[in-house]
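Have a look at the model first, then come back for the notes.

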Amino acid sequence: TLWPEVHKLYGHGFEIHCCAAAHDGSMLASACRGTTAKYCAVILWETASWSRVADLPYHKLTVTRMRFSPDDRFLLTVSRDRTWAVWSVHDRQLVAASPPSSHSRVIWDCAWLDNQSSRTLR
């Protein structure tokens with residue numbers, strides 16, 4: 001490899017497609033390619049020990065992008081299955097989600113509006 005490996009994270013069934021880091025560096029979310037719900041769960045990792053702290057199952061196809069909210073309280077995920085989901089990072093629970101196939105095309109990207117946007121998800 002180009003850079004020396006420091007640590008490997010095991011847990012996904014296929015190659016990693018996307019990942020996101022919390023702004024404070026305490027958490028990492030990763031997702032792999034998948035065509036079934038079993039393989040499309042997002043995995044949350046605690047970076048101090050690189051331990052797997054949660055699996056977040058919702059999507060049925062590859063998660064294409066993830067973003068932590070500006071205050072790191074929530075994780076937004078979007079997928080090839082045309083759905084989005086918002087997770088509580090602390091509780092590891094689904095907070096909000098779109099209905100199945102609510103978009104007519106694949107959702108490729110996502111973003112939080114500003115520092116105030118996560119306030120409505122308390």
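This is a predicted model: local features need pLDDT of at least 70, side-chain atom pairs count only at pLDDT 80 or more; totals for chains, interfaces and linings use all residues.

The largest nonpolar core takes in 18 residues, with two or more of them coming from each of β1, β2, β3, β4, β5 and β7.

**Overall shape and surface**

- Reading from the N terminus, the elements go β-β-β-β-β-β-β-β.
- The radius of gyration is 14 Å, and it agrees with the value near 14 Å for a compact globule because that is what 122 residues would give.
- Along its principal axes, the C-alpha trace spans about 40 × 30 × 25 Å.
- Of the 122 residues in the chain, 40% are buried.
- The exposed surface comes to about 7,400 Å², and carbon and sulfur atoms supply 55% of that.
- If you take contacts between residues at least 6 apart in sequence, 42% of them join residues at least 24 apart.

- β2 (27-32) and β3 (42-46) pair antiparallel over 4 bridges; one to look for is Ser-30, whose bridge partner in β3 is Ile-43.
- β3 and β4 pair antiparallel over 5 bridges, and Glu-46 stands opposite Ser-51 in β4.
- β3 and β4 also make a hairpin, with 4 residues between the two strands.
- In that hairpin turn, Trp-50 has a positive phi of about 55°.

- β5 and β6 pair antiparallel over 5 bridges.
- Within that pairing, Phe-68 has Leu-75 in β6 as its bridge partner.

**The nonpolar cores**

- In the largest nonpolar core, the residues with the most contacts inside it are Ala-29, Val-42, Leu-44, Leu-56, Met-66, Phe-68 and Leu-75.
- The contributors of two or more residues are β1 (16-21), β2 (27-32), β3 (42-46), β4 (51-56), β5 (63-68) and β7 (84-88).
- What does Val-42 touch, leaving aside its neighbours within four places in sequence? Its contacts are Ala-29, Ser-30, Ala-31, Ala-54, Asp-55, Leu-56, Val-63, Met-66, Leu-75 and Thr-77.
- Another core, of 7 residues, lies apart from the largest one; among its members are Phe-74, Val-78, Ile-107 and Trp-112.

**Loop residues with positive phi**

- Asp-72 sits in the loop between β5 and β6 (74-79).
- Although Asp-72 is not a glycine, its phi is positive, at about 65°.
- Is Asp-72 buried or exposed? It counts as buried because its relative accessibility is 13%, and the cut-off for buried is under 20%.
- Arg-82 is in the loop between β6 and β7, and its phi is near 70°, again a positive value in a residue other than glycine.
- With a relative accessibility of 28%, Arg-82 counts as partly exposed.

- Ser-104 belongs to the segment after β8.
- Ser-104 is exposed, since its relative accessible area is 61% and exposed means over 50%.
- How far apart in space are Ser-104 and Arg-82? The C-alpha to C-alpha distance is 7.0 Å, with the two residues 22 apart in sequence.

Methods:
Residues are numbered from 1 along each chain as its sequence is written. Side-chain values use heavy atoms; hydrogens and water are left out. A nonpolar core is a set of buried Ala, Val, Leu, Ile, Met, Phe, Trp, Tyr and Cys residues joined through side-chain atoms within 4.5 Å. Buried means under 20% relative accessible area, exposed over 50%, partly exposed in between (1.4 Å probe, protein chains only). Contact means heavy atoms within 4.5 Å. Two strands pair if DSSP finds at least two bridges between them. The radius of gyration is taken over C-alpha atoms; the globule rule is 2.2 Å times the number of residues to the power 0.38. Accessible areas come from the Shrake-Rupley method with a 1.4 Å probe; for residues, only the protein chains shown count as cover.
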